[in-house]
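Welcome! Open your viewer, and let's walk through a few stops together.

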Amino acid sequence: MIFHKKLISWYLQNKRSMPWRETVDPYRIWLSEIILQQTRVAQGLPYYLSFVEAYPTVFDLANAQQEEVLKLWQGLGYYSRARNLHETAQFVANELQGVFPSSYKELLKLKGVGDYTASAIASICYGEVVPVVDGNVYRVLSRYFNIDTPINSTKGIKKFKELASTLIDTKNPANYNQAIMEFGALQCKPQSPYCIICPLNEGCEALKNGTVTSLPVKLKKVKVKNRYFNYLIFNIDGNKTVIQQRTGKGIWQNLYEFPVIESSAKIDIDGITGDQGFMDLMNGMDYEISLYQEEYVIHKLSHQHLYTRFYIVEIQKNPLISEEQKVIHVSTIAQYPVPILLGKFIDRFY
């Protein structure tokens with residue numbers, strides 16, 4: 001039995017029941033693929049269900065406010081996905097009359113849609129013969145063919161895409177693509193794959209050569225940068241606080257946070273109160289400041305680690321805020337989309 005037939009046979013017997021596998025609606029397939037980028041299925045499933053309930057059609061998503069979309073996305077990370085999701089929904093609804101492109105090449109033109117997502121939508125919704133290549137597929141192919149070319153190199157990306165194109169079932173691309181992804185997720189796992197009962201074990205070159213655990217190969221990541229965020233949690237007259245929206249192109253764009261003093265190294269209360277930004281906010285008024293907890297909260301992102309502390313600032317009247325900041329009642333803070341790091345703090349503190 002050839003490669004794709006074995007995979008599809010395995011898939012039909014072992015596939016997990018997922019709501020997006022019960023439809024060929026391109027809106028729902030697109031939604032699921034964007035949510036599941038860099039996200040495990042167990043984590044992404046509740047978000048998919050929440051989005052479908054809140055925005056059953058692409059028009060509903062397009063008509064939503066971006067802050068609403070970011071709030072529903074809160075906790076998934078990589079927030080540029082949510083912003084691109086909203087922009088693409090508006091484009092499809094307003095420019096394409098709600099009809100998603102029906103080919104791989106046209107789907108690639110949508111914001112936030114790359115090679116993998118375009119291939120998935122084109123094959124699942126329209127039966128186009130284009131292979132998906134995600135982390136699971138890289139793992140299956142690198143092991144089965146014993147390929148040690150780094151999967152995140154230009155050469156590797158091209159090589160695996162070409163190989164995947166030769167293997168796809170041209171008569172059933174949708175099932176094949178879903179089969180090889182599911183196979184990588186459940187059978188050919190990153191750690192402790194089930195090689196003994198694997199339906200592909202007879203032809204697996206990595207198994208023959210004892211290289212299963214060393215594949216796939218990845219180039220080393222860029223150096224991780226450490227950043228120190230010192231958040232100021234204003235407690236104004238016992239019922240108000242200050243928040244601001246991050247508008248730059250860095251992390252958490254358009255999400256809300258508390259006023260923050262970023263430092264190049266760890267600092268203490270003296271460092272906070274001596275900071276010009278803090279003094280500008282206080283504008284000479286009386287205050288009491290205390291550290292919420294001694295230990296740093298370490299939040300790890302792909303290329304940076306955030307060392308975070310929270311300082312509680314007790315004052316009786318509003319500080320001198322900037323145009324980007326606003327004073328809100330603490331009872332409304334849950335309405336604002338915030339990074340998961342701050343969401344956890346808010347849940348504990350308020």
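**Stop one: a histidine in a helix**

Start by selecting histidine 86, which sits in helix 6 (helices are DSSP runs of H or I, at least four residues, and strands are runs of E, at least two, both numbered from the N terminus). This is a predicted model, where local features need pLDDT of at least 70 and side-chain atom pairs count only at pLDDT 80 or more, while totals for chains, interfaces and linings use all residues. Residues are numbered from 1 along each chain as its sequence is written, and side-chain values use heavy atoms, leaving out hydrogens and water.

Is histidine 86 buried or exposed? Its relative accessibility is 5%, so histidine 86 counts as buried (buried means under 20% relative accessible area, exposed over 50%, partly exposed in between, with a 1.4 Å probe and protein chains only). Now show what histidine 86 touches: Leu61, Ala62, Ala64, Gln65, Gln66 and Val69, not counting residues up to four places away in sequence. Contact here means heavy atoms within 4.5 Å.

**Stop two: a serine in a strand**

Next, select serine 263 in strand 4 (residues 260–263). Serine 263 is buried, with a relative accessible area of 14%. Leaving aside neighbours within four places in sequence, serine 263 is in contact with Tyr228 and Asn230.

Finally, which side chain makes a polar contact with the side chain of serine 263? That partner is asparagine 230, at 3.2 Å (a polar contact is a pair of N or O atoms within 3.5 Å; within protein, one must be able to donate a hydrogen and the other to accept it, and residues adjacent in sequence count only if both atoms are side-chain atoms).
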